[in-house]
Amino acid sequence: MNPLLLTDGYKVDHRRQYPNGTTLVYSNWTPRKSRIEGVDEVVLFGLQYFIKKYILEDFENYFFKQPKEKVVAEYNRRINNYLGENQVGTKHIEVLHDLGYIPMVIKALPEGASVPIRVPMFTMYNTLPEFFWLTNYFETLVSAVIWMPCTSATIAKQYRMVLDKYANETSSVPEFVDWQGHDFSMRGMAGIEASVISACGHLLNFSGTDTIPAINLLENYYNANSDTELIGGSVAATEHSVMCMGTAEDEIGTFRRLICDVYPKGIVSIVSDTWDLWKVLTEYMPKLKNEILSREGKVVLRPDSGDPVDIICGNPNATSEVERKGVIELLWETFGGTINNKGFKELDGHIGAIYGDSITVARAEQICERLKEKGFASTNVVLGIGSYTYQYNTRDTFGFAMKATYGEVNGTGRAIFKDPITDDGTKKSAKGLMKIVLENNKYKLIDEVNWDEENQGELREIFRDGKLIINDSLSDIRNRVRN
């Protein structure tokens, strides 16, 4: 599709609505409000993908490389059929096509940086006066593409902080946290691009994912290489159809076949609640103990129903002993393990557990805390993070908005802003040109600056006039997120 049609309908005629003599529009992208308690900084991520995919690839392939007559006719047909006969015109589209590139500057903080609420993450403005209309024309596309990877990267970081905290307190292998948060969200997201860009945000913080195409995106747009670095990975795993096909009468036979014949070595995750999780733990596991302990690798049991905190850690109010103990304690009773130098129990390396259903940040913390109280290291379990976490968000989760704060009309600069009297302050914008500085390792906005001051500070020019200037790698961005 012609990328100029990837916009809200009201954008197409704003060109004529600006004051006569307008030559520059300067806008910014800012998280304005946090709807997640305790989160007051948002991770910037997805801008490089947006620039490469949409501004460079899509405009090149579906606009500039297309015959001008075709592009103009397509645009004219769509807008006239949409708005009716009007005066939007196509001359500005023809002039852009003749130019052959997007005349824009984008200045941004580094991807992976944590940016405080109400501090702009990046700014955009046109470099040629006749294309003043183009800056905010991009608002829709910017907003649709970038809010989700920022949001998912930020939420994944909250999981990471919880898991790091407990691993440092209770585990001998705190580095295992790289694998402890696993992305299971793809099937529940709002389409393929949503699942992939969200999964990439997850992979800034963890290595575990079942969203395979996220690895492709990070190779294509973030200079990653799965031949030379770990981008994302997973393990062999069953689903309920596999277990059901083996029949309830011979469920232990299915376990034995998977463990001994199909996967005689390596890690295999086996869904274990198809019928009776407690029977699997108290009958099948003791019978299969020798086979499991003699394998080169780990068998991971996956409960998939019930309250995850109680299933993993035990429910002290349950009527049955097995439910009071929970998965980790029952595995310890069968397979044992070691007590690390921090005084916490770690399961034998041949056995483990993963829970991949409805794990929120709060539940992740409860699981880690309950395991700690019982004397178990937090890294005895892997937690699957699904669409309940990554899809139940909107652009308003962090109040993202792209707003103009400065313009030039007839050679004179204007600091502009919005401050609705009917709003609670969320929609109040900054004013004028912007400079971002670092104070006490936190980004701070200084607005209403002049152009000399705007050229200083922490915003880096990453794109100008059809050229990508800074081309970050996944490894650099991961380091920023984690440090």
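This is a predicted model: local features need pLDDT of at least 70, side-chain atom pairs count only at pLDDT 80 or more; totals for chains, interfaces and linings use all residues.
**Entry: ring pairs.** I began by counting aromatic pairs, and the count comes to 22. I then picked out Phe131 and Trp133: their ring centres are 6.5 Å apart and their planes meet at 50 degrees, so I logged the pair as tilted.

Entry: Are Phe131 and Trp133 buried or exposed? Phe131 has a relative accessibility of 1%, so I put it down as buried. Trp133 has a relative accessible area of 4% and is buried as well. The cut-off I needed here is under 20% for buried.

**Entry: a pair between helices.** Next I looked up Phe255 and Tyr284. Their ring centres lie 6.0 Å apart with the planes at 55 degrees, so this pair is tilted too. Where do the two residues sit? I found Phe255 in helix α11, residues 251–262, and Tyr284 in helix α12, residues 277–294. The pair therefore ties together parts that are 29 residues apart in sequence. Both Phe255 and Tyr284 are buried.

**Entry: a cluster.** Which residues do ring pairs link into a cluster? My list reads Tyr26, Tyr125, Tyr406 and Trp451.

**Entry: lysines over rings.** Last, I checked for charges over ring faces. Lys53 lies over the face of Tyr54, 4.5 Å from the ring centre. Lys165 lies over the face of Tyr166, and there I noted 4.1 Å to the ring centre.

Key:
Residues are numbered from 1 along each chain as its sequence is written. Side-chain values use heavy atoms; hydrogens and water are left out. Rings of Phe, Tyr and Trp (its six-membered ring) pair if their centres lie within 6.5 Å; planes under 30 degrees apart count as stacked, over 60 as edge-to-face and the rest as tilted. Buried means under 20% relative accessible area, exposed over 50%, partly exposed in between (1.4 Å probe, protein chains only). Helices (H or I, at least four residues) and strands (E, at least two) are DSSP runs, numbered from the N terminus. A charge sits over a ring if NZ of Lys or CZ of Arg is within 6 Å of the ring centre and within 35 degrees of the ring normal.
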